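Subject: Structure handover

Hi,

Here is the structure I promised you. Please open it first, then read my notes below.

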Amino acid sequence: MNLYAIRAIYRFEMARTGRTLMQSIASPVLSTSLYFIVFGAAIGSRMGDVDSVNYGAFIIPGLIMLTLLTESTSNASFGIYLPKWSGTIYELLSAPVSWIEVVIGYVGAAATKSVILGLLILITARFFVDYHIEHPFWMAGFLVLTAVTFSLFGFIIGVWADGFEKLQVIPLMIVTPLTFLGGSFYSISMLPPLWQKIALFNPVVYLVSGFRWSFYGVSDVNAGLSFGMTLGFMLVCLGIVWWIFRTGYRLKN
Amino acid sequence: MPAIISIAGLGKTYKSGFTALKNINLDIQRGEIFALLGPNGAGKTTLIGIVCGIVNPSAGTVLADGHDIVKDYRASRSKIGLVPQELSTDAFETVWATVNFSRGLFGKPADPALVEKILRDLSLWEKRDAKIMTLSGGMKRRVMIAKALSHEPSILFLDEPTAGVDVELRRDMWNLVRGLRENGVTIILTTHYIEEAEEMADRIGVISKGELILVEEKHQLMRKLGKKQLTLQLQNPLTQIPAGLSDYALELSADGNELIYTFDTQAEQTGIAALLRRLSEQGIDFKDLHSSESSLEDIFVSLVRTNA
Ligand SMILES: Nc1ncnc2c1ncn2[C@@H]1O[C@H](COP(=O)(O)OP(=O)(O)OP(=O)(O)O)[C@@H](O)[C@H]1O
Ligand SMILES: [Mg+2]
């Protein structure tokens, strides 16, 4: 293991995050506050409880997931796309590092940032609503696992993208809609029966549902299944990353 | 002593179907400065890219210090430093951070004293806290050299290190390269300034259209392929070369004022003495004479032209 290389990449990426700290932190905190004002206070006050959880509290896990997914994907994709775009990737390719080390460095840094943002939202939410966390251990588990999985996913997007548009199209066109339709703001059981079935094909449903279970002990789908699905998706991403480095896909000529 | 880099049967065909390298066989000796020359698009950067792990080879093998660059990439790459042709740097990083990053990436523990020395040697120390984007092109090139040296490579590839570098800095760079060689570093460089290769290199390889058309010790190359010319400035212009001199390889300048005699530097007898005797027999007087030797540049141009 080239531990020095992992540390160098991780630090480099965290320094990049640090340079844009204000916008990295300010924007999710601001948007979360807006969500709470609009959905929590204005609309939520007219809504009954969902699954016997106050609506304002009900949307917290979904909001965190929304940020976690978009931030992990865009962060990790940008992290690996940037050296490809600027040409500094030559150094990574000529260094005595294995794909595992590169991935730990880049994905680790992207996931770290996402987890920090997730926790920030959790803290911000406290100013608006009361909530409790029933299974804190599982909550942390879902948080980290999701951050890592979608950072891996973002890494793949970053390698695949050959322009800035492509870099943005996936988070915008796929991740955000899937998250909105994934039960961030409602329970799947509130949908018509047919849509409930269709929703089960949306992987984000499992994430949000499992995460919400760790807060309130209620869920749309079994929490174990949620965890298993996330783990499965992570393994698929790992497999793709391994293949990318083995073949040099879009990294080498 | 075994070669430090051993290239055998190396070929590269890009995805576009273009064959950039054909069956390259080349051994680089430990501690030498090897200059790789060739016109634009000859395949120099491709060859370097393969050895350094940036380009996947289509055929053949490369050993760096005995380690296969594909199977044993960790061992081989940790020996190699690369300064690529393209200027590509992390705009927002400081000089200090980017050089230390390189050292870490190559698996070496932090060594601020060494990094300081490298930055001082490259006249970058004053700029250590500057963001790279605020540096000039020549400074950025030196940052890339500092990055390559940060992990103490025993093999250094310099792909056109002096492109866009001013005269004084070029001298500095030559001194740096010589200093590295004295410390046992093997250096492979490409350049379009032939006088640079003439000045620096121990051996020269010429690549043209993806083929290595010549590898030769520099002095030997110049002796073997070099030509000397003797130019005679005539007292009275001639309209044509007199018949009595037809057995000499002579040329007459357009204005008829100069006779040019070309001869082989390796020949036992240059024939100059006999030629001069013959001239006086023929009653041809001259007021001045000078001789010139072909430079590496002349040799290079004629080589590449015959290969075209
Ligand atoms: N990624 C690529 N895809 C297709 N062809 C390529 C690629 N990279 C280089 N080539 C082609 O391979 C040939 C050799 O390119 P290379 O960069 O190795 O030349 P070079 O000798 O370094 O030239 P220069 O002196 O201009 O730097 C060129 O014809 C180039 O167009
Ligand atoms: Mg080149």
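Start with chain B. Of its 308 residues, 46% are buried, where buried means under 20% relative accessible area with a 1.4 Å probe, counting protein chains only.

Some ground rules. This is a predicted model: local features need pLDDT of at least 70, side-chain atom pairs count only at pLDDT 80 or more, and totals for chains, interfaces and linings use all residues. Residues are numbered from 1 along each chain as its sequence is written, chains are lettered from A and ligands numbered from 1 in written order, and side-chain values use heavy atoms, without hydrogens or water.

Back to chain B. It has 10 helices and 14 strands. These are DSSP runs: helices are H or I with at least four residues, strands are E with at least two. The C-alpha atoms of chain B fill a box of roughly 80 × 45 × 40 Å along the principal axes. Among chain B contacts (heavy atoms within 4.5 Å) with a separation of 6 or more, 70% join residues 24 or more positions apart.

Now chain A. UniProt, in an unreviewed entry, places "domain: ABC transmembrane type-2" at residues 19–248. Such annotations may be inferred rather than shown by experiment. That stretch of chain A is 77% helix and 0% strand.

The UniProt entry also lists transmembrane regions in chain A, including 20–43 and 167–186. Residues 20–43 of chain A are 96% helix, with end C-alpha atoms 33 Å apart. Residues 167–186 of chain A are 70% helix, and their end C-alpha atoms lie 29 Å apart.

Best wishes

Key. Buried means under 20% relative accessible area, exposed over 50%, partly exposed in between (1.4 Å probe, protein chains only).
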